[in-house]
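These are my notes from going through one model.

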Amino acid sequence: MFVLDPRSDLGSAQPATRLGDRAAAAYLGLAIGDALGATVEFMTPREIREVHGEHRDIVGGGWLRLRKGRVTDDTEMSLALGRTILERGAVEPQAIAEAFSDWMRSKPIDIGHTVRRGIALYRRTGATEVPPNDYDAGNGACMRCLPIALATLGAPLAEVAEANRRQAHVTHHSALADLGTLCVIRMVQTALLGGDRAALRDLANELVAEDRRYAFDRRRMENPGGYLVETLIAVFQALFATADFESALIDVVNRGGDADTTGAILGMIAGALYGLDAIPRRWRRVLDAGIERACLSQSHDLLAFATGRGA
């Protein structure tokens, strides 16, 4: 279990109700971004315009032929990770690998190649860490990182980074991806504790200073693929070009490409930043009810874990 940094203002500067609101919004933002983006996943911006005009509503369909309100692997793996942390009271790679294996056994509607390969390695060998690969910087570990952000809220940065590596390396082992995912976790945590867009931009700029491949102040990123660099460039551009949850999410999913994941990552950051009231009611109404309940329950329980109130 993670020990809270005594210098942290967790639990004092942010009233519990506001913190809980932001955490719930982050989890719902993840699921809503996933469901909204899945409709236009793998489409180009031009194709989206031809079919949808501007894609603004959760309608299902897409290449996966989703039922309206259903989510994909981004949300499902996040919930599997969160359940495991709560059940074990720790971020344990073997328990996480087993949870992911159980999830894959359930025949999910979508699963990434790198995720499948990592789980297959665990099943064959018991390995809970795939070999390092500088060319494997996919977004599959970042899309599911929200439970780490919530469970380690207030912990020293080194512990947050270690927790992230434990979950990420079960399927993805890239220093480049670790950097980007840790930045997303820090952005969520900063927003949860009341940080504004300027504070989040400072964190994004820190990431760029560490690795220029993440530079986002340049040509608009459209049709981002599964490479985390492309994912986060699109997410950062949409986040900082808009001033509310709805506009940010619509911006990023209409860029096409891996839109369920750009939507999920932006949704968790923007949810933490803007809070529950900023999430359009029309999106919440159509989100799968079971998924909504699970997201709200985990957001509460993971916060309790982080503050030492959990069992």
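I take buried as under 20% relative accessible area, exposed as over 50%, and partly exposed as in between, with a 1.4 Å probe and protein chains only. The model is predicted, so I kept local features at pLDDT of at least 70 and side-chain atom pairs at pLDDT 80 or more, while totals for chains, interfaces and linings use all residues. Residues are numbered from 1 along each chain as its sequence is written, and side-chain values use heavy atoms, without hydrogens and water.

Entry: cysteines. I searched the whole structure for disulfides (pairs of cysteine sulfur atoms within 2.5 Å) and found zero. C142 is buried at a relative accessible area of 1%. I then checked C295, which is buried at 0% relative accessibility.

Entry: For cavities and pockets I used a 1 Å grid over the protein atoms alone: a cavity is a set of points where a 1.4 Å probe fits but cannot get out, a pocket is an open set with protein on both sides within 12 Å along at least five of seven lines, and lining residues have an atom within 4 Å of a point. Points are joined across faces, edges and corners, and the volume is the space filled by probe spheres set on them. I found one cavity of 30 Å³ or more. The largest cavity has a volume of about 40 Å³. Its lining includes C142, H172, H173 and D178. Helices here are DSSP runs (H or I, at least four residues), numbered from the N terminus. Helix α8 (residues 175–192) gives the largest share of this lining, three residues. I sorted the lining into four nonpolar, five polar and one charged, counting Ala, Val, Leu, Ile, Met, Phe, Trp, Tyr, Cys and Pro as nonpolar, Asp, Glu, Lys and Arg as charged, and the others, Gly among them, as polar.

Entry: open space. The largest pocket has a volume of about 420 Å³. I listed 25 lining residues, and G112, H113, N139, G226 and D258 lie nearest the centre. Two or more lining residues come from each of α3 (73–88), α5 (113–125) and α12 (259–274). Helix α5 gives the most, three residues. The pocket lining divides into seven nonpolar, 12 polar and six charged residues.

Entry: core. A nonpolar core is a set of buried Ala, Val, Leu, Ile, Met, Phe, Trp, Tyr and Cys residues joined through side-chain atoms within 4.5 Å. The largest one has 101 residues, and L146, M187, L232, F236, M268 and I269 touch the most other members. Helix α1 (residues 16–38) supplies the largest share, 12 residues. Contact means heavy atoms within 4.5 Å. Beyond four places in sequence, I269 contacts V184, M187, V188, A191, L200, V235 and L239.

Entry: single residues. A248 sits in helix α11 (residues 245–253) and is buried at 0%. The C-alpha atoms of A248 and I269 are 10 Å apart. R212 lies in the loop between α9 (197–210) and α10 (228–241) and is exposed at 59%.
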